[in-house]
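Q: Hey, could you help me look through this protein model? I'd like to go residue by residue and ask as I go.

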Amino acid sequence: MIIIAIVVGCILGAIIGMYAPIIPYTYSGYLAIGIMAALDTVFGGITSIIKKNFDMKIFVSGFFGNAILAIVLTYLGEKLNVDIYLAAIFVFVSRMFNNLGFIRRYYIEKLIEKKENKKSKKKSIDKV
């Protein structure tokens with residue numbers, strides 16, 4: 001089910017991307033920080049699915065809330081001539097790496113467990 005949603009989302013994103021207008025350079029920083037916040041939320045959602053405590057309301061509110069807060073911080077920092085967006089980038093990237101590390105460890109452990117189960121089944125068949 002999730003694989004289908006990912007494939008449909010990628011296809012839809014590619015189609016929209018081909019026909020979407022080009023973002024002006026002045027807004028590219030806002031878009032970049034918004035995308036980073038959204039990716040952080042997606043990796044957090046995947047982690048919560050693995051931990052079996054996923055809640056769609058929290059995911060959607062975090063997705064839009066994080067993106068809007070990051071964009072507002074970027075705008076405020078631009079008006080004050082302070083690079084506040086760097087703090088947001090640091091936080092989002094560190095959380096993404098933590099979540100990605102958890103996801104990677106989870107799937108590596110599942111792969112190792114699967115191989116061990118195959119070995120134990122093969123040994124039990126060889127004994128018979």
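Q: Which backbone oxygen does the side chain of Thr-74 reach?
A: The side chain of Thr-74 reaches the backbone oxygen of Ala-70, at 2.8 Å. Keep in mind that this is a predicted model.

Q: OK, and where does Thr-74 sit?
A: Thr-74 is in helix H3, which covers residues 56–80.

Q: Is Thr-74 buried or exposed?
A: Thr-74 is buried, because its relative accessible area is 9% and the cut-off for buried is under 20%.

Q: What does Thr-74 contact, leaving aside its neighbours within four places in sequence?
A: With those neighbours set aside, Thr-74 is in contact with Tyr-30, Ile-33 and Tyr-85.

Q: How far apart are Thr-74 and Leu-86 in space?
A: Their C-alpha atoms are 8.6 Å apart, and in sequence the two residues are 12 residues apart.

Q: New topic! How many salt bridges does a search of the whole structure find?
A: The search turns up one salt bridge. Arg-95 forms it with Asp-40, and the closest N and O atoms are 2.4 Å apart.

Q: Which parts does that pair tie together?
A: Arg-95 lies in helix H4 (residues 85–127) and Asp-40 lies in helix H2 (residues 25–50), so the pair ties together parts that are 55 residues apart in sequence.

Q: And how accessible is Arg-95? What about Asp-40?
A: Arg-95 counts as partly exposed, with 38% relative accessibility. Asp-40 counts as buried, at 1% relative accessibility.

Q: Let's stay in H2 for a bit. What can you tell me about Thr-47?
A: Thr-47 is in helix H2. Its relative accessible area is 5%, so Thr-47 is buried.

Q: What about Ser-48, where is that?
A: Ser-48 lies in helix H2 too. Ser-48 counts as buried, with 15% relative accessibility. Leaving aside neighbours within four places in sequence, Ser-48 is in contact with Asn-53 and Phe-54.

Q: Now the loops. Where does Lys-52 lie?
A: Lys-52 lies in the loop between H2 and H3. Phi of Lys-52 is near 65°, which is a positive value in a residue other than glycine.

Q: Is Lys-52 buried or exposed?
A: Lys-52 counts as exposed, because its relative accessibility is 71% and the cut-off for exposed is over 50%.

Q: What's the phi of Asn-81?
A: Asn-81 has a positive phi of about 60°, although it is not a glycine. Asn-81 sits in the loop between H3 and H4. With a relative accessible area of 73%, Asn-81 is exposed.

Q: Which elements give two or more residues to its lining?
A: Helix H1 (2–19), H2, H3 and H4 each do that for the largest pocket. H2 gives the most to the lining, with five residues.

Q: How many residues line the largest pocket, and which lie nearest its centre?
A: The lining has 16 residues, and those nearest the centre are Ile-2, Ile-6, Gly-45, Ile-46 and Ile-49.

Q: What classes are in the lining of the largest pocket?
A: By class, the lining of the largest pocket has 14 nonpolar residues, one polar and one charged.

Notes
Residues numbered from 1 in each chain as written. Predicted model: local features only at pLDDT ≥ 70, side-chain atom pairs only at ≥ 80, totals over all residues. Heavy atoms only, no water. Helix = DSSP H or I, 4+ residues; strand = E, 2+ residues; numbered from the N terminus. Buried < 20%, exposed > 50% of the residue type's maximum accessible area, 1.4 Å probe, protein only. Contact = heavy atoms within 4.5 Å. Polar contact = N/O pair within 3.5 Å; in protein donor to acceptor, adjacent residues only side chain to side chain. Salt bridge = Lys/Arg side-chain N within 4 Å of Asp/Glu carboxyl O. 1 Å grid on protein atoms, 1.4 Å probe; cavity = no way out; pocket = protein on both sides within 12 Å on 5 of 7 lines; lining within 4 Å. Nonpolar A, V, L, I, M, F, W, Y, C, P; charged D, E, K, R; others polar.
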